Amino acid sequence: LVITFDGLQYIDLADVLFSPRFPRDWIQIRTPLLPLILKAAFGIFGMHPLAAILVFTALPLGGLLVLGAAIRRFLGDLPASAVIVLVSLYPTLVAFQHCVLTESGSFFFLALVIAVLCWDPPATSRLWIRTAALVATLSAAYYWRQNLLVVTLPAALLHGWYAASRFR
């Protein structure tokens, strides 16, 4: 397990959550979702490296599956499989599975945004469900890592374009 200065802060913030140290010791520039997930993993698996590795392995795996499902919907099984294999070989994605950092979760949330944008509700009247899913996904992405907020405008524009094309 690789623990950088940022990683050490996230581990400490997991300890700060729901303790007498909160909010006094909370680092204001950090968002709460990663420490919350680490706190849950440490609560379930104990305070050791395997708990953190499981979190940072599950997130890229989830991202791969979500991305593969979205591509499969449009292009079929073979292209989806090829994308899953190619992305899973990306060295940074594999290497960050053993780091207490936000990168693997960022990949998961970006894949989830793509999947929501690719989702085609069965009826135009159900477009509000897609809108709510996009808002929830982008909100969770922000609470994972603040700079994922830059995805909001392009996602909103794509969603608006899709909605406008459905009402024609």
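How many helices and strands are there in the protein chain? There are eight helices and zero strands. Both are DSSP runs, numbered from the N terminus, with at least four residues (H or I) for a helix and at least two (E) for a strand. The pattern along the sequence reads α-α-α-α-α-α-α-α.

This is a predicted model: local features need pLDDT of at least 70, side-chain atom pairs count only at pLDDT 80 or more, and totals for chains, interfaces and linings use all residues. Residues are numbered from 1 along each chain as its sequence is written, and side-chain values use heavy atoms, with hydrogens and water left out.

**Overall dimensions and burial**

The C-alpha trace spans about 55 × 35 × 25 Å along its principal axes. The protein chain has 168 residues, and 38% of them count as buried. Buried means under 20% relative accessible area, exposed over 50%, and partly exposed in between (1.4 Å probe, protein chains only). The chain exposes about 9500 Å², with carbon and sulfur atoms supplying 73% of it. Areas come from the Shrake-Rupley method with a 1.4 Å probe; for residues, only the protein chains shown count as cover. Take contacts (heavy atoms within 4.5 Å) between residues at least 6 apart in sequence: 64% join residues at least 24 apart.

**Aromatic rings**

The structure holds four aromatic pairs. Rings of Phe, Tyr and Trp (its six-membered ring) pair if their centres lie within 6.5 Å; planes under 30 degrees apart count as stacked, over 60 as edge-to-face and the rest as tilted. Two of the pairs are listed here.

| Pair | Centre distance | Plane angle | Class |
|---|---|---|---|
| Phe108–Phe109 | 5.3 Å | 75° | edge-to-face |
| Phe109–Trp144 | 6.0 Å | 45° | tilted |

Phe109 lies in helix H6 (residues 103-118) and Trp144 in helix H7 (residues 127-144), so their pair ties together parts that are 35 residues apart in sequence. Ring pairs link Phe108, Phe109 and Trp144 into a cluster. Phe108 and Phe109 are both buried. Phe109 has a relative accessible area of 8%; for Trp144, also buried, the value is 0%.

Arg130 lies over the face of Tyr162, 3.9 Å from the ring centre. The criterion is NZ of Lys or CZ of Arg within 6 Å of the ring centre and within 35 degrees of the ring normal.

**Nonpolar surface**

Which residues make the nonpolar surface patch? Ile44, Phe45, Leu50 and Leu54 do, over about 390 Å². Helix H2 (33-45) and helix H3 (49-75) each supply at least two residues of the patch. Leu50, found in helix H3, counts as partly exposed at 46% relative accessibility.

Technical notes:
Patches are made of residues with over 30% relative accessible area and no salt bridge: like charges are joined within 9 Å, nonpolar side chains (Val, Leu, Ile, Met, Phe, Trp, Tyr) within 5 Å. A salt bridge is a side-chain nitrogen of Lys or Arg within 4 Å of a carboxyl oxygen of Asp or Glu.
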